[in-house]
Amino acid sequence: EVMARAARDLGHEYIVLTDHSPSLGVARGLAPSQVDEQAAEIARVNAELAPFRVLHGTELEIRADATLDYPDELLARFDVVIASIHTGRNQASEQLTRRALAAVEHPHVDVLAHPSGRIVNRRDPLPIDWPRVFEAAAAHGTALEINGSPRLDLDDSLARAAARAGARLTVASDAHRTEELGQQRYAVDVARRAWLEADQLLATRTADELLELVR
C-alpha cells in the first residue's frame, strides 16, 4: 500500500508489484503458499485506491539449470511475470544464453528483466548471445526490460539492437522502496538514447492495454 500510494502521488496510473520468487534467498522471496495472501492484499489496496491499480506480478528466478522457480499453474495466476538471472553468473555463454531463452520462450513469461545482469561500475554484463535472445523475444512477444536502477540494463546500444530485431521493450524503476520509484526516469533516458518510440514500450500502455498484450 505504501508503494502504491507513493506511485499514485508521482502521477502513475498503476504499478506492477513483482516480489522475488523463493530461490533468491537474499531477497526472502515469496513462497507459493503466500501468493493468495498477497493477491488478497492487492485486491484490498485496489478497492481503496481506485482508479489507481496494483497489478499482481512476480520476478521469477531463472535457475542455473534453466528451469523456472514457480510451476506453470502458479504462474498462470499472475497478471505479469518477469524473469531474471541472479545466480550462476559464472556459467559459460551457451548455458547463460540457454537460461535466457528458456524464460523468453516460456508461455507464461512476459518480460526478461535486467537481461545482461550488469550494474554500472560494479558488475560486467553476462556473455549472452544477444541476437538469439532478441530473435526469440520478437518471435514469442516477450518484452526486454530497460532497468532504471544503477543497472541501466539493457544499455542503449542493446536496447536499440533489440528493437531493430522486432522485440518489445519496457522501462521500469526496479524500486524496492518508495524513494527509488523515480529511477524510472533513467530508464526513459536510456530508451530515448536508443531512439525507441512510445509504441515499442509496454510501460506506455494503460493497465488494461498492458494486460491485453501479455495475456
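**Close-up views of a predicted model**

**View 1. Crossing of helices α1 and α2.** In this predicted model, the axes of helix α1 (residues 2-9) and helix α2 (residues 35-49) come within 10 Å and cross at roughly 35°, where axes are lines fitted to C-alpha atoms over the stretch in contact and angles run from 0 to 180 degrees between N-to-C directions. The crossing is right-handed, the near helix being turned clockwise from the far one by less than a right angle. Helix α1 contributes A4, R5 and R8 to the contact, and helix α2 contributes V45, E48 and L49 (contact: heavy atoms within 4.5 Å). Helices (H or I, at least four residues) and strands (E, at least two) are DSSP runs numbered from the N terminus.

View 2. S84, which lies in strand β3 (residues 80-84), is buried with a relative accessible area of 0% (buried: under 20%, with a 1.4 Å probe and protein chains only). Leaving aside neighbours within four places in sequence, S84 is in contact with E59, L60, E61, I62, A113 and H114.

**View 3. Lining of the second largest pocket.** H86, I119, R122, R123, S149, P150 and R151 line this pocket, a pocket being an open set of points on a 1 Å grid over the protein atoms alone, where a 1.4 Å probe fits, with protein on both sides within 12 Å along at least five of seven lines, and lining residues having an atom within 4 Å of a point. Its volume is about 200 Å³, taken as the space filled by probe spheres set on the points, which are joined across faces, edges and corners.

**Notes.** Residues are numbered from 1 along each chain as its sequence is written, and side-chain values use heavy atoms, with hydrogens and water left out. Local features need pLDDT of at least 70 and side-chain atom pairs count only at pLDDT 80 or more, whereas totals for chains, interfaces and linings use all residues.

Definitions and conventions: Buried < 20%, exposed > 50% of the residue type's maximum accessible area, 1.4 Å probe, protein only.
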